[in-house]
Amino acid sequence: MVAKNRKSKRLKFGSTIQQAVEFGEVVFICVGTPPLPSGAPDLSAIDVVSREIAKHLKEYRVIVEKSTVPVQTGEKVKTAIQKYAKPGTTFDVVSNPEFLREGSAVKDAFSPDRIVIGAESDRAKELMLQLYKPLKAKTIVTDIKSAELIKHASNSFLALKISFINCVANICEISGANVIEVARGMGLDSRIGPGFLNAGLGYGGSCFPKDVDAFVDIAARMGYDFHLLREVQRINQEQRERFLKKIEQELWVVRGKKIAVWGLAFKPNTDDVRESPAIKICAALRDAGAKVRAWDPKGMDRAKEVLTGVEFCADMYSAVDGADCLALCTEWDDFKNADLAEVKKLMAHPTVIDGRNLWDPATMTKKGFTYRSVGR
Ligand code: UDX
C-alpha cells in the first residue's frame, strides 16, 4: 500500500514538521506516549510536536491527537499551541483515538467498529467528518475529554474482560467445568458479547498493560482510586504464576529440566514481544534453573534482544527434542497444525502445558500426552 500510493504521488514523506503543517488542513499527532517508571504516560513527545506545529502555523489547521493520551491533554495541547503560535493564528484541537490491533491494522483502520471524534468547533467537526466519510463507519462526535476517555476506558474494559474470564477459568479448573463452554454461553448474551473471553496466560503487548497502568495513574491524579483496575492487573500477573505452578507440579523439580517454549510473541501474527507473557515465562523458568529451548514463527529476533540464557532453536521440532515438558505460550496456527506424533516421539517425556487452550484435551490424552490447559 505504501509503495503503490507513493508511486501515484498520493503519499509523501518529509522530515520536517513545517512541511506537514504547510501541506495539510488536518495535522495528526501520532507520536508515542511510552510509560514512565510510575506508570504515567510520558507526554514529552506530544509537547515537543505541539510547540513545533505552533511555530509553523500560518492559516487555519485542525490538530488531531491520535496518540493515546490522558483525559485533559487536549486542553494542554491547545494551551501549548496558543503560547507558541503567532497571535491571531486560528486552529482547533481534536481528539481522534486509534483502536487498531497489531496484525490486523489495515483491516481495523478501514473497517473500524466506530470512529470517535472529540471536537469543539463546528468547523473542526465538519472537516473530520468529511475526512472519514469514505469509510462509511459508525461515527460518534463528542467533546474532547470524552473522546480521550473512550480510549482508556475501552482498552481497560477489554483487559478487565480478559482478567474476568481468567478468574472464571480458575474456578472451572477447581470445579471441573469447561471455560470454553462457559465463555460461549456468556458471549451469546448480546449485552456481554463473545470477544475477549479467551482464557489463557493473560494479556500482553504494547497497549493493554500500558493503558491500564495509565488509567490507574490518571484516576489517582484526580483523587480517585480505580482499585478495580489494579485488581485487573494483579489477576493478569497471577495468571502467569499459575501457569508456572502447573509446570512445576508436573516436573516436580524444575532445575535441570529441559523445557520447550513454543511462542514468544505477545499474540499470534506479530513479531512483537513487548510485555509478552511468553518472555516473562521463559525468564522465570530460566531463573528457576531450567534449560529453556524456545521457538516462535516470527518473534525470534525481537526475543533475542530482550532474553538471555535461553536457547533459541532452529524450528519448533528441534525445540521439543529431548524436552521434559512443552509450554505453549502463543496460539500460532503453526503450533495448532504441528505433527503431534512427531512431537511425542522427540520429547523425553510427553508433557504439554497449554497456556492458550490451543489443543483439545481429549485428543491430546488419546495421543498419549500428559496435558494441562487453562480452565478445563
Ligand atoms: C489492543 C486493542 O485491541 C486495540 O484496540 C488497541 O488499539 C491496541 O491494543 P493489540 O495490543 O494489538 O490491540 O492486541 P489484542 O488483539 O487486543 O490482544 C491483546 C492481548 O490480550 C494479547 O496478549 C492477547 O493474547 C490477549 N487476549 C486477547 C487474551 O488473553 N484473551 C482474549 O480473549 C483476547
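How far is an oxygen atom of the ligand from a polar backbone atom of Leu100? The separation is 2.8 Å. The legends below refer to a predicted model.

**View 1. The shell of 19 residues around the ligand.** Those that come nearest are Phe99, Leu100, Glu102, Asn198 and Gly204. By residue class, the shell holds nine nonpolar, four polar and six charged residues. Helix H7, residues 144–175, supplies the largest share of the shell, with three residues.

**View 2. The largest nonpolar core, with 49 residues.** Ile247, Trp262, Leu285, Leu326, Phe335 and Trp359 have the most contacts inside this core. Helix H11, which spans residues 277–287, gives the most to the core, namely six residues. Another core lies apart from this one and has 15 residues, including Val27, Ile46, Ile63 and Ala85.

**View 3. Surroundings of Phe335.** Leaving aside residues up to four places away in sequence, Phe335 touches Trp262, Gly263, Trp295, Pro297, Met316, Leu328, Thr330, Leu358 and Trp359. Two of these partners, Trp262 and Trp359, are listed with Phe335 among the residues with the most contacts inside the largest nonpolar core.

**View 4. Thr89 in the loop between helix H4 and strand E3.** Helix H4 covers residues 73–84 and strand E3 covers residues 91–95. Is Thr89 buried or exposed? Thr89 counts as buried because its relative accessibility is 18%, and the cut-off for buried is under 20%. The side chain of Thr89 reaches the backbone oxygen of Lys86 at a distance of 2.4 Å.

**View 5. His227 in helix H10.** Helix H10 runs over residues 227–251. His227 has a relative accessibility of 51% and therefore counts as exposed, the cut-off for exposed being over 50%. Between the C-alpha atoms of His227 and Glu75 the distance is 27 Å, and the two residues are 152 residues apart along the chain.

Notes: Residues are numbered from 1 along each chain as its sequence is written. This is a predicted model: local features need pLDDT of at least 70, side-chain atom pairs count only at pLDDT 80 or more; totals for chains, interfaces and linings use all residues. Side-chain values use heavy atoms; hydrogens and water are left out. A nonpolar core is a set of buried Ala, Val, Leu, Ile, Met, Phe, Trp, Tyr and Cys residues joined through side-chain atoms within 4.5 Å. Buried means under 20% relative accessible area, exposed over 50%, partly exposed in between (1.4 Å probe, protein chains only). Helices (H or I, at least four residues) and strands (E, at least two) are DSSP runs, numbered from the N terminus. Contact means heavy atoms within 4.5 Å. A residue is near a molecule or strand if one of its heavy atoms lies within 4 Å of it. A polar contact is a pair of N or O atoms within 3.5 Å; within protein, one must be able to donate a hydrogen and the other to accept it, and residues adjacent in sequence count only if both atoms are side-chain atoms. Ala, Val, Leu, Ile, Met, Phe, Trp, Tyr, Cys and Pro count as nonpolar, Asp, Glu, Lys and Arg as charged, and the others, Gly among them, as polar.
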